[in-house]
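Below is a set of questions and answers on a two-chain model. Please look over the sequence and the fold before reading on.

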Amino acid sequence: MRRLQAWWFVAPALAVICVFFFLPVAAALVLSLTDFDIYALADLGNLRFVGLRNYLDLVATPLFWKAVLNTLYFVIVGVPLSLCVSLACALLLNARAARFRGFFRTALFAPVVTTLVAVAVIWRYLYNTRYGLLNYALGFAGIDPIDWLGDPRFAMPAIILFAVWKNFGYNMVILFAGLQTIREELYEAARIDGATYVKQLRYITLPMLAPVLALVSILTVAGYFQLFAEPYVMTQGGPLQSTMSVLYLMYEEGFKWWNLGTASAVAFVLFLFIFAVTVLELRLARQRFPA
Amino acid sequence: MKSRHVAFVNGSLATIAAITLAPLAWMVAVSLMTPGEASAFPPPLVPARPTLANYRELFAHAGMGRYLANSVGLSLAVTLVSLAFNVAAGYAFAKLAFAGRERWFKLLLGALVIPSQVAMVPLFLLLKDLGLVNSYAGVIVPAMASIFGIFLVRQYALSIPDELIEAARIDGASEFTIFRVVVLPLLKPIVVTLAVFTLLGTWNDFMWPLSDQALYTLPVALASLSREHVQDNELMMAGAVLTTLPVLVLFIALQRYYIQGLMLGSVKG
């Protein structure tokens, strides 16, 4: 009787998740094995099962590899940069000398809660070649104006800078909380032994923070692989597809060209890739910190 | 030495905070400039003659009032409905016995690794078949329950003492009465946390199957406006202020709850 009543609490939520998440994920796997396109959208009779052809076609498409490389660029440069900024800010906030901690934490976290579409408007203007503040500031260092969003060499760095600004506060707050759990006696003992700040950082702070740092890194890598919204609002994948990420490719294939079979294949490849990388990272982390 | 250290730490924090907030401050400054004023070199930092003309223009001719109302209404609707679903389910996963509870929970936890975009294409087809494309139902219905929300509430509900619930059962209270009278008051902090998360997330989202302009929310409208008005920097900045200011104010007012949720949510690994 009571067991039956419990279902009244969970059944609605589970039903929604099954119908609007698990079912679409399973359908994506099936769709990726078909040639679902605009003709099938009009009449399901045009739908054919094609096996792994979407995947094989994808591997043979230069644009797919370009998207993979762009995404890797974003992850390999963006994640360390983002983590370094987060960690530096967390360390500063945690320093005993820090004043107005609450204010600084709020200020540094603010970009995380802002609306992406709105702050993209600001940043597109900051990046403006002629009137942008960034080129104006660089002018003082004697650097000629850069066409940030129009030059294929600079578009991805511009996206990375924007993403780091928008996101670093999130990890900063988690790392800051991790730092606060390290016991003060450890530092006092180190100071009595005459350890410098760098030595304390190297032998106390970083080892104690390592589990949190590992968790944050794994989540950030998985998140950065899903690069989509930033190029969507800033560059539409351009110029010359230099900011075309894997998910942006999926979006274009699916909702611009209506190749829904191909789009699903792209989504699955990315999912398997993220899954493999995450498992690998977890294994490495467990080896280092068997907990 | 000591005072130099204090100056270094606080000077660094102040500098980083200034750089972080500069784009937001500049957004407000440009939104108060007269049309064309910001397209100059060197870029002006403060308006020569501050004016609210851009805001008036947005409300009078760009339909901002309607988009603002849409954003508020849709965010509140998604938040209220999803709170009901997620809080009930999260509590059940923590405290109620039902067949397959552990297996369901493991399945949900495992599903957290699947990027939501994997479901994007079939979800669109599903909504199309259900006739929900281009309606708020198409936004609200898939958002009614979230794995993250259930997980957040469950983690918090685990700390409710079983004795409280048992005592109420012995008194003859039904499970629904126990939930309403005993459990819900205890879950209040996490309910506020989840409400803030959902409100901010819904307000900021823009990847929705809405093509009818009358249904646009602020971010959707801003994205489409910025394609039409690439040159009108001052007008666009006013739109950006209107879109971000409400979420910033909400966050600052309730940040204690937001940060708590962020902590609970990040230990999911």
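This is a predicted model: local features need pLDDT of at least 70, side-chain atom pairs count only at pLDDT 80 or more; totals for chains, interfaces and linings use all residues.

Q: What share of the residues of chain A count as buried?
A: The C-alpha atoms of chain A fill a box of roughly 80 × 70 × 35 Å along the principal axes. A residue is buried if 20 or more other C-beta atoms, placed from the backbone, lie within 10 Å of its own, exposed if 12 or fewer, and partly exposed in between. Of the 291 residues of chain A, the buried share is 42%.

Q: Which element gives the largest share of the side of chain A that touches chain B?
A: Two residues are in contact if their C-beta atoms, placed from the backbone, lie within 7 Å. Chain A brings 70 residues to the contact and chain B 73 residues. With 19 residues, the largest share of the side of chain A that touches chain B comes from H1(A).

Q: By class, what residues make up the side of chain A that touches chain B?
A: Ala, Val, Leu, Ile, Met, Phe, Trp, Tyr, Cys and Pro count as nonpolar, Asp, Glu, Lys and Arg as charged, and the others, Gly among them, as polar. The side of chain A that touches chain B has four charged, nine polar and 57 nonpolar residues.

Q: Where the axes of H1(A) and H3(B) cross, what is the angle?
A: Axes are lines fitted to C-alpha atoms, for helices over the stretch in contact, and angles run from 0 to 180 degrees between N-to-C directions. Helix H1 (residues 2–31) of chain A and helix H3 (residues 64–95) of chain B have axes that come within 8 Å and cross at roughly 125°. H1(A) is therefore oblique to H3(B), as angles under 35 degrees count as roughly parallel, over 145 as roughly antiparallel, 65 to 115 as roughly perpendicular and the rest as oblique. The angle is roughly 125°.

Q: By class, which residues does the contact of H1(A) with H3(B) have?
A: Residues of H1(A) including Phe9(A), Val10(A) and Ala13(A) meet residues of H3(B) including Phe85(B), Ala89(B) and Tyr91(B). By class, the contact has no charged, one polar and 13 nonpolar residues.

Q: How do H8(A) and H10(A) run, roughly parallel or roughly antiparallel to each other?
A: The axes of H8(A) and helix H10 (residues 197–225) of chain A come within 9 Å, with a crossing at roughly 165°. The contact involves residues including Asn171(A) and Ile174(A) of H8(A) and Leu209(A) and Val212(A) of H10(A). H8(A) and H10(A) are therefore roughly antiparallel.

Q: How many of the 11 residues of H12(A) are buried?
A: What covers the buried residues of H12(A) includes helix H4 (62–94), helix H11 (229–234) and helix H13 (260–288) of chain A, together with helix H5 (120–129) of chain B. Among the buried residues are Tyr248(A), Glu252(A) and Glu253(A). Helix H12 (residues 246–256) of chain A is mostly covered, and its buried residues number nine.

Q: Why does Val87(B) count as buried?
A: Val87(B) lies in helix H3 of chain B. Apart from residues up to four places away in sequence, Val87(B) touches Val153(B), Leu187(B) and Val191(B). Val87(B) is buried because the other C-beta atoms within 10 Å number 26.

Q: Which class does Ala29(B) fall in, buried or partly exposed?
A: Ala29(B) is in helix H1 (residues 2–31) of chain B. Since Ala29(B) has 17 C-beta neighbours inside 10 Å, Ala29(B) counts as partly exposed.

Technical notes
Residues are numbered from 1 along each chain as its sequence is written. Chains are lettered from A and ligands numbered from 1 in the order in which they are written. Helices (H or I, at least four residues) and strands (E, at least two) are DSSP runs, numbered from the N terminus.
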